[in-house]
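Hi,

Here is the structure I promised to pass along.

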Amino acid sequence: MIKEEHDPPVMGASQGPAPMATTVINIQTEMSVPDHIVWSLFNTVYMNWCCLGFVAFAYSVKSRDRKMVGDMIGAQTYASTAKCLNIWALVLGLLLTLTFIILFFTGSLVVFQAISEMMKGYGGY
């Protein structure tokens, strides 16, 4: 037999594999708060009826600022307001644009019809 198997272990000497040391790290999950800044910028540039796109852009910037500071509740509040304003800006923008297009084309047809009736009255055709 080997001598090391019969001798008692010496104090401080390792007897086998070292016990596993575990370390627990608690990582807080960051809340992903969308600030809707791209949507607000789009509404500001293209669908800015009633200036709702610009107001939504201001709230989006405020939301981004709150997120940078670490105030997630404030960022979420501003982001929610920006989202609501963006929805209203988009809906009103689409409705008003479609109404304008419809009125423009129906107005053009009425004017064209009136001009053609005048030409017929004066013997133009």
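When I say residues meet or are in contact, I mean that they have heavy atoms within 4.5 Å. Keep in mind that this is a predicted model.

First, the overall picture. Of its 125 residues, 18% are buried. Among contacts with a separation of 6 or more, 63% are between residues 24 or more positions apart.

How far can you trust it? The mean pLDDT of the chain is 83, with 78% of residues at 70 or more. Helix H3 has the highest confidence, at a mean of 94, while helix H1 (residues 3–6) has the lowest, at 54.

Now the pair I looked at, H3 (residues 52–69) and H4 (residues 72–121). Their axes come within 8 Å and cross at roughly 160 degrees. Angles over 145 degrees count as roughly antiparallel, so that is how H3 runs relative to H4. The crossing of H3 past H4 is left-handed.

Which residues meet there?
- From H3: Leu 52, Gly 53, Val 55, Ala 56, Tyr 59, Ser 60, Lys 62, Ser 63, Arg 66 and Lys 67.
- From H4: Met 72, Gly 74, Ala 75, Tyr 78, Ala 79, Thr 81, Ala 82, Leu 85, Asn 86, Trp 88, Ala 89 and Leu 92.

By type, the residues of this H3–H4 contact split into 13 nonpolar, six polar and three charged.

Cheers

How values were computed. Residues numbered from 1 in each chain as written. Predicted model: local features only at pLDDT ≥ 70, side-chain atom pairs only at ≥ 80, totals over all residues. Heavy atoms only, no water. Axes fitted to C-alpha atoms, helices over the stretch in contact; angles between N-to-C directions. Helix = DSSP H or I, 4+ residues; strand = E, 2+ residues; numbered from the N terminus. Parallel < 35°, antiparallel > 145°, perpendicular 65-115°, else oblique. Left-handed = near helix turned anticlockwise from the far one by under 90°. Nonpolar A, V, L, I, M, F, W, Y, C, P; charged D, E, K, R; others polar. pLDDT = per-residue confidence, 0-100. Buried < 20%, exposed > 50% of the residue type's maximum accessible area, 1.4 Å probe, protein only.
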